[in-house]
Structures are given as C-alpha cells and as structure tokens.
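Subject: Handing over the model, with notes

Dear colleague,

Please find the structure below, followed by my notes on what came out of the analysis. I would be glad if you read the notes with the coordinates open beside them.

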Amino acid sequence: MNGRRGLTLVAGGAGFVGSHLGRALLDAGERVMCVDNLQTSRETNLLGLQNHANFRFVRADITEPLPAEVMERAGEFTRIYNLACAASPPLYQENPEHTMLTSVLGTNRLLRLAEQSGARLLLASTSEVYGDPEVHPQPEDYRGHVNCTGPRACYDEGKRAAESLAFDFARAGRAEVRVARIFNTYGPNMRMDDGRVISNLVCQALSGEPLTVYGDGSQTRSFCYVADTVDGLRRLMESPLAELQPVNIGNPEEITIKQLVNALAAIIGHPLELEYRELPTDDPKRRRPVIARAKELLGWQPTTALDQGLEKTLAWFAHELKTNHARRLVERHGYERVLRSAMGEDRVERVPLQVPS
Ligand SMILES: NC(=O)c1ccc[n+]([C@@H]2O[C@H](COP(=O)([O-])OP(=O)(O)OC[C@H]3O[C@@H](n4cnc5c(N)ncnc54)[C@H](O)[C@@H]3O)[C@@H](O)[C@H]2O)c1
C-alpha cells in the first residue's frame, strides 16, 4: 500500500456487497483494508482483490477486540464501511447470538475505532429495520413493524440497535456517521446457497430443478443491482448532507415473485417449473423503498434495469456452476439438497473454504 492517501477499512469486505465495494474503491485509487472472519463470504470473492498493491486482508471477527494489525494503523483510517454481518435468513439464523453481537458489539468496536482515528463510518443497515411493514412503500421516517422475539429478530433488532449506537456517537460528536438502509441487492459474488430469492431461483433454473415459490408468489420485493448499491453507498459516505439521517438505498421498482420468475424464464428462453411452499415465519409481504432522500441528498438512483441485471447474474452463476466448487457440491448433492443443508434441514459435506493469507 502506498502512503499518500487515507486508508479505508471495509469490515465484511470479503462478502457479496463488500467485494464489489472493495473493487470500486481500488479502481478509484483508494487503499483498502478488508477485515472479515470469512463466515459467510464465498471463497473466491477475494481472489481478484488480494494481489492488488493497495489491498490488505485481515482475518478477524469484529465481535472480538480488533487485532493489532488494525489498531496499529488507526491513525491512517479516514473511512470505515461496516458491512460485516451475515445477511441472508438461513445464515444469520445459524448463530443468532453471534449475529446480534456482530451488529451491536462489532459496530461499537468500529465506532470507537472511528472516534480514535477521526474516520467517518458508514453502517450498512437494512430494510429489515422496517420489519413486515404496515406502511408502503417505506420512507426513512417509518419506524417499522418488527417482531423482537421472532427468529429474524437477531438480525432486524441487531441492525436497529447498531443504528441507535451510530446516531448516539454522531450526536455526541464522537464520530461522523452515515447509515444506509439497504434493500434487496443481487448480482455476481452472491453465494449460491445463501437462501436469497434471486440466487435460489437462478441456481434452480440453471440446475434444471423446479423453482421454489413461497406462498402464492404474490409477495413483492424490489431488487437493486449490486453496482447501483455500491454507487449509492459510496455517494452516501462522501455526502456532506446526510448526517444524522438514515438513507434508503434500493430499487423502487416493485415486482411480485411470480413476475421475477417470468423475467427469468424470458431470459432463459423456456417456461420454468414451479414448486410452492409455505411462507416462512415473519417473511415480509411487501417491500419497496422510497428513495426521495437518496435522490435529493446524493443525486442517486439505480440505473440498471432488472432484465440487464438478471442477465449478468445468470451468466455469472452459469460460469460459477461450471467452474467452481459450487459445481462439485451441486453435482454431488443436487442444488435442492445444498440449499436444504444451508437452511439447516439436511447435511451435506461442505467443500472447505480456501483461506487467503
Ligand atoms: N445483500 C443485500 O441484499 C443486503 C440487504 C440489506 C442489508 N445488507 C447489509 O449489507 C452488508 C453486506 O451484505 P452482503 O449481502 O454482502 O452479505 P455477506 O454475508 O455476503 O457479507 C457479509 C460479510 O461479513 C462477514 N462477517 C459476518 N460477521 C462478521 C464478524 N462478526 N466479523 C467479521 N466479519 C463478519 C462475512 O464473512 C461476510 O464476508 C450486511 O451488513 C447486510 O446486513 C445487505
């Protein structure tokens, strides 16, 4: 790493969104330190980054005291992105205590680091802070409808507490913070077994298996392509206007799951077989951001159309299923079984992660 510019810490930088953010920062000439415990990252997300002269990877869990390698460089950090947290329901429910502590204790450690270094911190919060919303679409001043005792609470309430902490630090003048409420994001570098709707449907379609539709498929979501999300996060981090207010980052185009399946079928070029299952507990029925604040403060809105983003994602997963350990898992067990294993309903022997040095 060269010593000319400040250093940006990306916690969770080996994950899906974090790996794209790291790449965008490096392409912009930034120096990046990625801190990640590799708990939910794909083994290959770091491959394109770790040989870059301006990139440093530190394997650490932010619920633990930050390692010397990070603390020794506290004086150099000018920006801290906190993306660390398992983000898909099966993965964050695997160890709910750790998920909650990652948001609360981990965010606290990074806020203290921001205070010590004078860095600005951006917290990757989530649309899940709105729970199963009674207000639609969701503006930032909607306070949410979250079940604090349900199986999703470790994530939803953890993020709500992390937001509180961030704003407490900001109000007390201890750190400059930005809070992004990210809505469903998709694209290359997602894990195929993370149980999120786009990766599920795309992998099932590519593996020739029936597509699982929960409920009757009339529930809605809005999907933002990852390049747009990363652009929104970077603009928010650099905005002088977005202090002390959370900002929704997501795509306001709302579609039903059935429409999503049809869009996939149109790209693949043939009808897809569907299999219906019961809706999971506390699954939100509708989700759509109001992005007026992001437009006004950041001049941001998504620019990637769903069919363009889906095409890129399908192409990436097709390559992934041909070339990577994902293929070996799916060949050995079938995609459905790999997914059930991720949901804790079955066990498959996992191919171990390659841990980068
Ligand atoms: N992808 C989305 O649709 C979405 C939507 C809303 C919010 N978010 C938020 O954005 C962030 C990134 O999400 P993602 O989709 O890239 O998820 P991801 O699981 O791919 O990435 C999260 C990364 O954080 C790491 N991590 C988890 N706990 C950690 C800990 N205690 N210490 C260190 N590292 C830890 C994981 O190993 C992983 O690399 C998350 O905070 C998530 O809550 C994402």
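Asn189 is found in the loop between strand E7 (185-186) and H6, where helices (H or I, at least four residues) and strands (E, at least two) are DSSP runs, numbered from the N terminus. Although Asn189 is not a glycine, it has a positive phi of about 80 degrees. With 21 C-beta neighbours inside 10 Å, Asn189 counts as buried; a residue is buried if 20 or more other C-beta atoms lie within 10 Å of its own, exposed if 12 or fewer, and partly exposed in between, with C-beta atoms placed from the backbone.

Before going further, please note that this is a predicted model, in which local features need pLDDT of at least 70 and side-chain atom pairs count only at pLDDT 80 or more, whereas totals for chains, interfaces and linings use all residues. Residues are numbered from 1 along each chain as its sequence is written.

Helix H6 (residues 197-206) has eight of its 10 residues buried, so it is largely enclosed by the rest of the structure. The buried residues of H6 are Ile198, Ser199, Asn200, Leu201, Val202, Cys203, Gln204 and Ala205, and just after H6, Gly208 takes a positive phi of about 70 degrees.

Another positive phi in a residue other than glycine belongs to Leu38, where the value is near 60 degrees. Leu38 is found in the loop between strand E2 (31-36) and strand E3 (55-59), and it counts as partly exposed because it has 19 C-beta neighbours inside 10 Å.

The loop between E5 and H5 holds both Pro137 and Tyr142. The peptide bond leading from His136 to Pro137 is cis, with omega near -10 degrees. Tyr142 has 17 C-beta neighbours inside 10 Å and therefore counts as partly exposed. Leaving aside its neighbours within four places in sequence, Tyr142 is in contact with Tyr130, Pro133 and Val135, two residues being in contact if their C-beta atoms, placed from the backbone, lie within 7 Å. Tyr142 and Tyr130 are 12 residues apart along the chain, and their C-alpha atoms are separated by 7.2 Å.

On the scale of the whole protein chain, there are 12 helices and 13 strands, and 46% of the 357 residues count as buried. Among contacts between residues at least 6 apart in sequence, 77% join residues at least 24 apart.

The largest nonpolar core has 83 residues, of which Ala11, Ile80, Leu121 and Ala180 touch the most other members; such a core is a set of buried Ala, Val, Leu, Ile, Met, Phe, Trp, Tyr and Cys residues joined through C-beta atoms within 7 Å. Helix H5 (residues 153-171) gives the most to this core, with six residues. Apart from its neighbours within four places in sequence, Ala180 is in contact with Leu122, Ala124, Ser125, Gly232, Leu233, Leu236, Val247 and Ile249.

Under the same exclusion of neighbours within four places in sequence, the contacts of Ala294 are Gly232, Val247, Asn248, Ile249, Trp300 and Gln301. Ala294 has its place in helix H9 (residues 292-298) and, with 26 C-beta neighbours inside 10 Å, counts as buried.

As for helix packing, helix H8 (residues 257-268) and helix H10 (residues 306-323) pack at an angle of about 60 degrees, with their axes 10 Å apart; the axes are lines fitted to C-alpha atoms, for helices over the stretch in contact, and angles run from 0 to 180 degrees between N-to-C directions. Ala263, Leu264 and Ile267 of H8 make the contact with Leu306, Asp307, Leu310, Glu311 and Leu314 of H10.

Lastly, which residues come nearest to the ligand? Of the 28 residues around the ligand, these are Gly12, Gly15, Thr40, Ser41 and Ala87, a residue being near a molecule if its C-beta atom, placed from the backbone, lies within 6 Å of it. Helix H1 (16-27), helix H4 (96-117) and strand E5 (120-126) each supply at least two residues of this shell, and H1 gives the most, with three.

Best wishes
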